[in-house]
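Reader: Could you walk me through how to read a model like this one? I would like the general idea each time, and then the case at hand.

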Amino acid sequence: MTDKLRRASGGQVVYAELKRQILSLELPPGRRLFEPELSQQLQVSRTPLREALRLLLAEDLVDQLPTGGMVVRSLSAQEIDELYTVRACLEGLMAAEAAELMTDAGAEALTRLVARNERLVEFAEDAMNAGHDFHLEIAEIAAHGWARRLHQQVDGQMARYRAFTNQSQLRRTAALAEHRGILDALVTRDAARARELAEAHVLTARDTALNAITERLP
């Protein structure tokens, strides 16, 4: 492996770890990123670290300060509104497409995922992941290339906000009921209803996230 390839590989590893810390809020919003500190913490040189920071900047996960330093991008009510509104359109489109393309195998896979969601509904993180897998399976069945690529991009940005949507048992139970409704529309091949329910589900999550984040903002 050449030195250039080693540096590129190192940059990707550092990028993946910093992205994980940002999306999980281990690196909190507004946190100033100091290269010496990060370099020591991650046991890497400045070259792969700077490459990783450039990638994070391109993804809008960090902001560059006028002085040249970087900070973790702040949480934003406007960003929540924009991201969830876009995702609602994409989820609606993919749900409609999935309903029209539904097979018995697809219906069985989705039914298993909703059953898993039900078993885990009392556990915030597990329920969140189970619900997320349900939506990813719908995207897989829909097989809409552009919608799926855009959904992946939006989904990555939303990771920092997703935990705010299911903090209460009441919301987790309601989300499960919404998943059941979407599932029913999908397995009965009702594309219009699947679109409507999928969009409404995401917009309800948006409102929940907005309410939660408003309490954290100054």
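**Reading the model, feature by feature**

Author: Helices (H or I, at least four residues) and strands (E, at least two) are DSSP runs, numbered from the N terminus. This is a predicted model, where local features need pLDDT of at least 70, side-chain atom pairs count only at pLDDT 80 or more, and totals for chains, interfaces and linings use all residues. Residues are numbered from 1 along each chain as its sequence is written, and side-chain values use heavy atoms, with hydrogens and water left out.

Reader: Is His132 buried or exposed?

Author: Buried means under 20% relative accessible area, exposed over 50%, and partly exposed in between (1.4 Å probe, protein chains only). His132 has a relative accessible area of 17%, so it is buried.

Reader: Which residues does His132 touch?

Author: Contact means heavy atoms within 4.5 Å. Not counting residues up to four places away in sequence, His132 touches Arg87, Asp155 and Arg162.

Reader: How should I read a nonpolar core?

Author: In soluble globular proteins, nonpolar side chains tend to be buried together. A nonpolar core here is a set of buried Ala, Val, Leu, Ile, Met, Phe, Trp, Tyr and Cys residues joined through side-chain atoms within 4.5 Å. The largest one has 41 residues, and those with the most contacts inside it are Ile80, Tyr84, Leu110, Phe134, Ile138, Tyr161 and Leu186. At least two residues of this core come from each of helix 4 (77–101), helix 5 (104–119), helix 6 (124–142), helix 7 (145–162), helix 8 (169–187) and helix 9 (191–216). Helix 4 gives the most, with 10 residues. Apart from this core lies another, of 17 residues, including Leu23, Leu33, Leu61 and Val72.

Reader: Which residues does Phe134 touch?

Author: Leaving out residues up to four places away in sequence, Phe134 touches Leu110, Leu113, Val114, His179, Ile182 and Leu183.

Reader: What lines the largest pocket?

Author: The lining consists of Ala124, Glu125, Met128, Asn129, His132, Ala159, Arg162, Ala163, Asn166 and Gln167, around about 220 Å³ of space. Helix 6 gives the most to this lining, with five residues.

Reader: Last one: how is the chain divided into domains?

Author: Domain bounds come from an automatic or database domain assignment. Here they give domain 1 (10–72) and domain 2 (77–215), whose C-alpha centres lie 30 Å apart. Eight residues of domain 1 are in contact with five residues of domain 2.

Key:
On a 1 Å grid over the protein atoms alone, a cavity is a set of points where a 1.4 Å probe fits but cannot get out, and a pocket is an open set with protein on both sides within 12 Å along at least five of seven lines; lining residues have an atom within 4 Å of a point. Grid points are joined across faces, edges and corners, and a volume is the space filled by probe spheres set on the points.
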